[in-house]
Amino acid sequence: MVTILRNLWSLWFGTLRRRIIVSVALVQAVMMALFVYDLTQRQEGLLIDRQVEQTTALSQALAVSAAGWLAADNISGLQEIINAQRNYHELAFAMLADRQGHILAHTDPARVGFHLQDLPPEGSPRVIKRSRTLVDVISPVKLGGRQVGWVRVGICQRLTGEKLAAMARSGLFYALAAILACSFLVWLAGRWFTRRLYVVQKTIDAVRAGNRQARIHLHGDDEAAGIAREFNNMLDSLASGDVERLRLHRQNDLILQAAGEGIYGVDIEGRILFANPAAIQMLGYPLADLLGKNSHQLFHHIRVNGSPNPEADCPLQKSLHEGAVYRGRDEVFWAKDGRRFPVEHVNTPILEEGRVIGAVVVFRDISERRQAEDELRLKTARLAEAQRLAHLGHWDLDLGRNHLTWSDEVYRIFGLPPQAFAATYEAFLERIHPEDREQVDRAYRESLESRSNYEIEHRILLPDGEIRYVQERCSTEYDATGTPLRSLGTVLDISERRRGEELLRLAYTVIKSSPTVLFRWQAAPGWPVEYVSENVAQFGYAAADLLSGAVPFASLVHPDDLARLAEEVERNSAAGVEQFAQEYRLVTAGGAVRTIDDRTTVERDREGRVTHYQGIVIDITENKRLESQLRQSQKMEAVGTLAGGIAHDFNNILTAIIGFGEIVMDQLEPGSPIREDQAHVLQAGRRAKDLVKQILTFSRRTDQELQPLLIQFVVKEALKLIRASIPASIEIREEVDVNCGAVLADPGQIHQVVMNLCTNAYQAMRETGGVLTVSLKCLAVSEAEAVGRGNLPPGHYVVLEVEDTGCGMTRAVRERIFEPYFTTKPQGEGTGLGLSLVHGIVTGLGGVINVYSEPGLGSSFKVYLPLIAETITGEAEVNSEVSPGGAESIMLVDDEEVITRLERKILEGFGYRVTVFADSEAALQAFRDNPPGFDLVLTDMTMPQLNGDELAREILRIRPGMPIILCTGFSEMIDAEKATAMGISEFMLKPIEKGELARAVRRALDESPFLSRRSSNG
């Protein structure tokens, strides 16, 4: 006890420092007690306020979630919303009620249906109760600005209350202890010490209360006074710092106010904390509508294309999460009025002790810049398109750096993709055609030396080897000393122009050498000529005569055609016809008349009046003559076709006449007068047969095959035909050596030569009559004799001579008689092809034709054909050793009843068994049913259903090697060669005589493999 009192005494009566220490300790004890109490009270208030905010936020969140369900009276949906809050462990209750307070959903189902009492006014939330144990908040539920119900939430404060109670107990304990100790020390310190400390305490309290002007007024030199002075100095320093901070704050605020860019700040959640006037003006939102709102969700949530812009992709969010500066480009902000504008923005994070607490966003409306860029791009694109269309590019050569810039069109002209390589002057020279490279380089160097512009055309070589022509123009910039700095130039692709010029030159050359004459006439009397090609000289006129106006075009037109031509031109022009063709006659400068094909185009002015005519004029005189000759040739071809058709039918008739005549002849007794008459009938039939053969030879139009031929027999046949066709006033003398050798020729061609020469001779004598002499003989020609016979090679020849006593020919006519279509006969009486055809046949056979004629002394044509060494038999040699009879079965097929009756009678007379079919399809079916039942098929060619060749083809398919004889009166579809190639045994031309038919049947049967097998088995 004594020790305690001694210590207390020492403390009390110690030095001033001790007194201050003790006093300060007491004061600190008191202050701590007060601080603990104040802290407890403040903490309690803060905890309850925070709980009120959370409860309010929960009630508002429930109000947003339940608005739609309340409006729809969906109680089950409302109950699901309430049930979802049960996991909140501090939740005391939650309920949803309609506008009248009728509870629709409650965490306690028993409360559903009750009514809320003392509802607050509509439109604002209200705290019903706030205490350590419970916070009760009721909030309105709104939808579209209209209140549709209430939400009431209670949060339990049990844990908070327990914490506060514990803090209160601790604080009370320490506070009581401090108060007791302090009171005890104050009682011990006395009034002299407490006064100065009281002053300090009061000043401190004032400062803590916010009075920055309060000061400690203590005088003296003790420690308390010193502390007061230092404390006052500290307060003065703090006041000066506040002024500086205020100044800086005002300065920053002025900067924000004056900044042209939009600036706003956000917290770590992206909520806007401040915004400057520029940002408010660009966004169109009042400041109150911006503060506290999420900036991305408010005006940065949609991309430029209208699609959603996820918040995770926003540069601001990246800055907040990563603490780095992010820039946004090519993005848009959306103003309050729905307008969008392009922006660039920089997002800078705000750091506090290395932790991101927010960010500042600086953005700029780049609409005008974007518009300017778009306009620049559009102008650049238009320039590039104009250069592309014009095939004109530009280049820029920096001579200091040897840096060459090409426009895209220059690359395209040089056949390169744009920006395909680093262009330099040397690289440019490499693209020039090797033959032009030195010239271009020299021209450029000389322009630099003379300080003048230059223009040059040259070739360039593309990577694929194509050559193009370009035109270059260049100007150079110089500094004050005359040093070249930069060359600017253009490159124009003139390849098309060059090709056009070349085509024009070619067209001019073609027109000049063409028979086509180009004209351009004025639509004025006489049709004055404004242009005419130089080849108008073919009509005897010079182009200058027409262009001078001395010779109007109308003066060239034949007088008989001029009125008609003018009328047609006027009619077509008035009818609006722009192009028309006319045919008329034109009189040359020498007086010759030419037929013209005129293709005219009409030219009109803007009012539709005809001003000019232009067109081409073609001389078709020769074409008209050839057309006439072609028509005559076609007539002759038609006659040949008709002759062939007549011969076909006539052969069928002759077959019956000769065949039945032979049968009747066999039945008559020798010496009978009727037998002699019948012999004359057969002779007439055979002469008719020969006549038809000559007609067929004349009408044959296919290429003929050369064969060894005794032409004397052909000459005799032709003379028989000539005799029947010329008048009796003309005598025919035949001097044919039947022992002449063979030549290599075609019978039809020889027949045609004889007929044409004899016809030509007859036409020369038809008015006066005379003698036609035809001779045939062999002749050996020596070298000396060959010169006088048209350079005929030496050798042995058969000479055919056709001589007449007609009017003869002049030398001029004689020199042209072998020209195609040349004729001296009146129009319609000759084609002019006969002698040219004879000449072609003779020369094609290796022969020569000579002509001798004098006016009034007749004409003589000699044809020399070379002899061949081969010996052939005459016409009369036949194989008489073939046995004509037999007992085989023959199928006879022909649609002519008289023919089948005749042939059946002939064949049965020789012992054959004959089955007749008038229907080729029925015959084929019969053969299919019994192929071995027939040993030979004898069929006609032309039949209604199946032709003979088709029937033969089907029979050979069923039974290869079957003997078949095919007969025809005339057919262009088949001949002996084609029949043999098909496998047909014999090919016979009608009319067929009795013995000829019997021998052909026997040959076919004897050569058949089936007959051979049958004989060996027999």
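The charged end of arginine 451 sits over the ring of tyrosine 478, 4.6 Å from its centre (the rule asks for NZ of Lys or CZ of Arg within 6 Å of the ring centre and within 35 degrees of the ring normal). This is a predicted model, where local features need pLDDT of at least 70, side-chain atom pairs count only at pLDDT 80 or more, and totals for chains, interfaces and linings use all residues. Residues are numbered from 1 along each chain as its sequence is written, and side-chain values use heavy atoms, with hydrogens and water left out.

Now to rings that meet other rings. Rings of Phe, Tyr and Trp (its six-membered ring) pair if their centres lie within 6.5 Å; planes under 30 degrees apart are stacked, over 60 edge-to-face, and the rest tilted. The count comes to 16 aromatic pairs by this rule. One of them is tilted and joins tryptophan 521 to phenylalanine 553, at 4.8 Å centre to centre and 55° between the planes. Ring pairs also link a cluster of Trp406, Tyr411, Phe414, Tyr425, Phe428, Tyr444 and Tyr454.

How accessible are tryptophan 521, phenylalanine 553 and isoleucine 657? Buried means under 20% relative accessible area, exposed over 50%, and partly exposed in between (1.4 Å probe, protein chains only).

| Residue | Relative accessible area | Class |
|---|---|---|
| Tryptophan 521 | 4% | buried |
| Phenylalanine 553 | 2% | buried |
| Isoleucine 657 | 38% | partly exposed |

Isoleucine 657 lies in helix H18 (helices, H or I, are DSSP runs of at least four residues, numbered from the N terminus).

Conventions. Helices (H or I, at least four residues) and strands (E, at least two) are DSSP runs, numbered from the N terminus.
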